[in-house]
Structures are given as structure tokens and as C-alpha cells.
Amino acid sequence: MSIRVGIVGISGFGGGEALRLIAAHPSFELVYAAGESTAGSRLVERFPGVPTKLAGLVIEKWDPANLPKLDVLFASLPTGASAEALARVSKDVKIVDIGGDHRHVEGWAYGLADVWPEKVEGQTRVANPGCFPAATLNALAPLLANKLIESGSIVVDAKTGISGAGRGGGDNKFGYAESNENLVPYGLLKHVHMPEMARTIEMLSGGSADGLVFTPHLVPMTRGVLVTIYCRGSATTNQCLDAARRFYDGRAFVRVTDTPPQTKWATGSNLSFVSYAADPERNLVIAMGVVDNLGKGAAGQAVQNANLICGLPEVAGLDGAPLWP
């Protein structure tokens, strides 16, 4: 079975990762690629290592009203750039929005695929979670669902590689000289992912997320996200680990580990690693989550969601091993 797919925003990091995964997918056929600054060039000029069968595909100017026949469209556009345009795409085309415009928006399923795949299956409009929420919510979901922590006093300390900032344009603040040997907090108290995480925490727990604190940091590595989450709760470490193993039993991409996870474990994959440490006497639970920000945090989970909405095996095109070292 061949499913005709397109990617808009193919020249960015998220779009490029979607290209890599779709090129090796057993059922997806890439027939449309769109971009802005790269329109008119062939894929091989932008991605010299692209498979031969895709090398001659020409990147087109993004025009939602003038698309070829597609079954699925992956939209990898900056937050604020997709809402109006995607509203003009035919209802016959299924959309997975990797950008941030449709998360918890009416008419769009929130694609937290490992936590609630049943909410994604058969949908035609899916909003992919952001990279920080993907790591954070996968780690928190078993604790919230089992009432092991308080939903209103969660503190998230997050670290991301610089590819999480996107490929960008002329701004060089994420260049090597600025990022190497440097550690930068940003988005304090008002990061764009805050409302998304708060809403999902409330959905999972049935309580309030008013006390949520989230602080991301940029670290000098290319890809990967690690979140360390401080919660109030009297559970033991083993209770947290057992709850997570039950919660994710049979799920292909979430690995529950006894030891703290590392970003290298997930590089180049759609895997999500979670672990826990708790001190009941201090009413403290620490949850940890790791994803590749371009994999589970973007294109990997997008392909997973596309598999779900197309009725394919969830692991199709995603069962390769992480890169190492």
C-alpha cells in the first residue's frame, strides 16, 4: 500500500528529519516537498544524501490551495505560521502539524501518541506535542494517572540541544561560537510550551496545574532533551517505576529505566526514556525524561501519529536503533 505524503517546511531541522524517516517508510511515498527560501531547488541540492528515488523531487513554493493529490501532509512550520494556511488545506488531506499552532485547539487531536493512542487513531487533524512536553508528559503521565503526585506543584528543569531552536535564518546567536562552552536559560515564566503542558497535566490528573514552573536551558550539543521534574508526593521510587511499567506495558517506544536516562540513549530514534527517584520522608518525587528533540520531540512522533491515523502498525518506519556513539 502506497500512501502519498507531503512535507511543508522541509528545509528546517524538523522537516529534514521527517524526510529521513519517510524516505525509509514501508508505506509512505513522498510526492510533495515545499519550502520558502529553497523553492525551485531539487531535494538532492538541499540534502545531498537523499535516496536516489527522491533526488529529483523539486521543492515547491508553499501554497495550501494548490497541492497535488495527497493522503497525509506533514507541516513543519514555525509557531504562528501554520494556522491560517492549514485551514485552507482540503479536508480530504490528513494533517500532522509538527508546529505549535494547533495544540489543544478544537478540531485537532493532541498527538501524545504513547499516552493516548486511542485519541489519535482515525483522526484527520493531529497536533504534534512540542519537544519539551514530549519528554515531560511521558514521564509525568503514569504518576498523574495513578495519583502519586500533586498536579499543582510541579517544577520542570529542562535541557535541550541547539537544534531545538530550529534552523533559523540570519540570526547567529545559535552558532558554534555562541553555543560552545555555554549554558543559557531562556523563556523564563512564559515559554510557549507552558500552556500546552499545563493543559495536559490537568487532563491527566483531573486537578489544577496552577503551580507549574518550567525553565528550559540551551546546552552545547546538537540534539536531545533531558527534563528533571520535581514533584510533591509520598510514593517510593519502586512505586513510581512500577506504575510507569504498568502504564506503558506493550507500548513500543517508552523505556522505563532503573537508572537516570541520558540523551545519547535516544539520539536518532523515536524512543522516550523515563525514570524516577523518590524520598517519601521529604514528600519528594523526581521524574526524569529523555527524548531526541527531532525524533520523539518532532518528526518521530509525527510519523507515529501518521501511522495511527492511517491505520498502519504504529512502529512502521520507526523501529530502527538509536545512533551510537
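Reader: Why does Tyr230 count as partly exposed?

Author: Its relative accessibility is 34%, and buried means under 20% relative accessible area, exposed over 50%, partly exposed in between (1.4 Å probe, protein chains only). Tyr230 therefore counts as partly exposed. This is a predicted model, where local features need pLDDT of at least 70 and side-chain atom pairs count only at pLDDT 80 or more, while totals for chains, interfaces and linings use all residues. Residues are numbered from 1 along each chain as its sequence is written, and side-chain values use heavy atoms, with hydrogens and water left out.

Reader: What makes Asp292 and Arg223 a salt bridge?

Author: Their side chains meet at 2.9 Å, N to O; a salt bridge is a side-chain nitrogen of Lys or Arg within 4 Å of a carboxyl oxygen of Asp or Glu, so the pair qualifies. Asp292 and Arg223 are 69 residues apart. Salt bridges with shared partners join Glu17, Arg20, Arg223 and Asp292 into one network.

Reader: Is Asp292 buried or exposed, and how do you know?

Author: Asp292 is buried, because its relative accessible area is 0%.

Reader: And why is Lys61 called exposed?

Author: Lys61 has a relative accessible area of 52%, so it is exposed. Its salt-bridge partner is Glu36, at 2.8 Å, N to O.

Reader: Why are helix 5 and helix 8 called roughly perpendicular?

Author: Helix 5 (residues 131–145) and helix 8 (residues 237–247) pack at an angle of about 100°. Angles of 65 to 115 degrees count as roughly perpendicular (under 35 is roughly parallel, over 145 roughly antiparallel, the rest oblique), so these two helices are roughly perpendicular to each other.

Technical notes
Axes fitted to C-alpha atoms, helices over the stretch in contact; angles between N-to-C directions. Helix = DSSP H or I, 4+ residues; strand = E, 2+ residues; numbered from the N terminus.
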